[in-house]
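Dear colleague,

Here is the structure I said I would send on. My notes follow below it.

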Amino acid sequence: MLTHEEHYIRRTKILATLGPATDNPEAMERLLNAGVNCVRLNFSHGTHDDHQKRIELVRSTAKKLNRVIGILGDLQGPKIRIAKFIDGKIHLNSGDKFTLDASMDSHAGTQHAVGIDYKELPNDLKHNDILLLNDGLLTFRVDKVDGPRVHCHVLQGGLLSNHKGINKQGGGLSAKALTEKDLEDLKFAVKMDVDYIALSFPRNADDIHEARHLISAAKGNSGIIAKIERIEAVSAIDEIIMASDGVMVARGDLAVEIGDAEVPMVQKLIIQRARTLDKPVIIATQMMESMIHHPVPTRAEVSDVANAVLDHADCVMCSAETATGDFPIETIESMARVCRTVEKQPQTHHSKHRVECQFKRIDETIAMATMYTANHFDVRAVVALSESGATPLWMSRIRTKLPIYGLSRFNRSLGKMTLYRGVYPIYFDVTQCTRDEVNQKAIDILLQKNFLEKGDFFSS
């Protein structure tokens, strides 16, 4: 378990997916104590009742630990899947003929054909298109499209079971980002007042604007995290980043669309663009995959997390490792240890971010000046009083070894800060102080929490 101080030394945030492995109070407390800053609800699995119980458990545990924990609801999106087989699964060999049939009964799949849930798929395909099923483990080439039927031959065979996903190599599927299920899940997420809603498979900024309109119409304040997993999204990356409140590099589906060898450089590009455009960025998918069944990570997984930290990602994410894995606590402890170790490196402490820019906003100018001053002066911490959370976000773009304490009276601002690199949200009601008392009251809170000691210098 991390000490209280260690939670506020590690700058890279950790996002953990909730599931059956963390559905009891003891496991949740251990998970948060291990180093989790924000939790993810995966709406691809479970009912609204399941997720409501998890939200209530997170909030009660965070209150007990006197800690701010963010909550992100992740919409399933238009996951294009096959239907079901009569026997649940089949095995295909290279060279076999197989048909994806939009007119077929959804429970009648055989060794030769299976239904598909996305009925428009045949309209998006043509001769010689490459389809990847089950996250790329099987590969089909399209021979011809005959009305609702897509006739294929198998390039790479293997086991194929119910509801496995279908991707088209190179992208280009026309499915909208928001499905009917997503609309219901979005309303539920707004009702539960989650801090962020993650939008799966957005193609462009218009998809982000549509989601924001729906959140607003439901009288919500949740921020939007755009999951980058389509090739079209990579091409429109700047407009998507600017339209959203943050981005997630969702490397699973992205790798299937653009090719796995392309992912590392695209990941670096997205991190760089997100930070330049003042938005947080999350790295996701298989970061500690082996720890679903093993108590220690592979060396490759350690290097993967380390590189995300060195590239200055705001947050690293776990999926099945914490939702259904055998070692959820050990996973978070390992991830936190890697982050803290890498953050000791001098190259993570100094920044020239936007040093050549001329700023148009006074508050942004003050935020940048504060960070550069702090980095060149012997101070213990940076303190930012903020209503919206914008000032701590700007500050978090600067590489530094100093913790940034974001003080706000608004829970929605505190929750959003849980994803900002190096920013630690603390509740502070500025309206309960006179103008002359504000600074001293803020210092008193930090002294009470042992984040500062008498005689320390800090920047604010």
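Does Lys168 count as buried or exposed? This is a predicted model, and in it Lys168 has a relative accessibility of 10%. Because the cut-off for buried is under 20%, Lys168 counts as buried.

The residue belongs to strand S11, which covers residues 166-168. Its side chain comes to 3.4 Å from the backbone oxygen of Asp124. Leaving aside residues up to four places away in sequence, Lys168 touches Asp124, Leu125, Asp129, Ile130, Leu131, Leu132, Leu173 and Glu257.

On the overall fold: eight strands form a closed barrel with parallel pairing, in the order S1-S2-S3-S12-S13-S14-S15-S16. From one strand to the next, the twist averages 25°. Helix H5, residues 205-217, packs on the sheet and touches both S12 and S13. The direction of H5 makes about 150° with that of S13.

Those two strands also pair with each other. S12 (residues 196-199) and S13 (residues 223-228) run parallel and are joined by four bridges. Ile197 has Ile224 in S13 as its bridge partner. As background, strands of a sheet pair through backbone hydrogen bonds, either parallel or antiparallel.

One more helix to look at is H2, residues 25-34. Its buried residues are Ala27, Met28, Leu31, Leu32, Asn33 and Ala34. Just after H2 comes Gly35, with a positive phi of about 135°.

Regards

Methods. Residues are numbered from 1 along each chain as its sequence is written. This is a predicted model: local features need pLDDT of at least 70, side-chain atom pairs count only at pLDDT 80 or more; totals for chains, interfaces and linings use all residues. Side-chain values use heavy atoms; hydrogens and water are left out. Two strands pair if DSSP finds at least two bridges between them. Axes are lines fitted to C-alpha atoms, for helices over the stretch in contact, and angles run from 0 to 180 degrees between N-to-C directions. Contact means heavy atoms within 4.5 Å. Buried means under 20% relative accessible area, exposed over 50%, partly exposed in between (1.4 Å probe, protein chains only). A polar contact is a pair of N or O atoms within 3.5 Å; within protein, one must be able to donate a hydrogen and the other to accept it, and residues adjacent in sequence count only if both atoms are side-chain atoms.
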